[in-house]
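Please work through the following exercises with the sequence and the model side by side, and try each task before reading its solution.

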Amino acid sequence: MNLPDPRSSNSNPTEPDRRQHPRYTVQVQIEIRQEGSDVPMRLETTDLSRGGCYIQLISALPLGARMQVTLWLGGYPVVIQGRVVTRHPQFGNGIMFLEFEGEGDQLLNRYLEAITT
């Protein structure tokens, strides 16, 4: 059975959980390039879902920043257009996946299914 990360439930009862997809605690190599920049940042995810990921950064990215995200899943690059949707200064950012290139969405779905079964 695919079990979401228990941290995905919101601890603040006044705000509903906006996530549409279960989140999994998994470290995946990720490269991000902010729109308008040629400088890549190579990191690891802390959480990953079909709809996005979380990355740890000391200098968090600004809300709304658009970027190209490349996830390395089983040696295959999955290229995605994304946008920063959460910002926690001196901790990190949540990135929402907007558009997958090629069969990237299918590769991500297969990867998530494989780690949860």
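Is Gly94 buried or exposed? The model is a predicted one, in which local features need pLDDT of at least 70, side-chain atom pairs count only at pLDDT 80 or more, and totals for chains, interfaces and linings use all residues. Residues are numbered from 1 along each chain as its sequence is written, and side-chain values use heavy atoms, with hydrogens and water left out.

**Solution.** Begin with the cut-offs: buried means under 20% relative accessible area, exposed over 50%, and partly exposed in between, with a 1.4 Å probe and protein chains only. Gly94 has a relative accessible area of 6%, and therefore it is buried.

**Exercise 1.** Find the strand that holds Gly94, and list the residues that Gly94 touches beyond its neighbours within four places in sequence.

**Solution.** Gly94 sits in strand E7, residues 92-100, where a strand is a DSSP run of at least two residues (E), a helix one of at least four (H or I), each numbered from the N terminus. With those neighbours set aside, Gly94 is in contact (heavy atoms within 4.5 Å) with Cys53, Tyr54, Arg83, Val84, Val85 and Thr86.

**Exercise 2.** Describe the setting of Thr116 in helix H1.

**Solution.** Thr116 lies in helix H1, which covers residues 104-116, and it counts as buried because its relative accessibility is 15%. The side chain of Thr116 reaches the backbone oxygen of Leu112 at 3.0 Å and that of Glu113 at 3.2 Å.

Key
A polar contact is a pair of N or O atoms within 3.5 Å; within protein, one must be able to donate a hydrogen and the other to accept it, and residues adjacent in sequence count only if both atoms are side-chain atoms.
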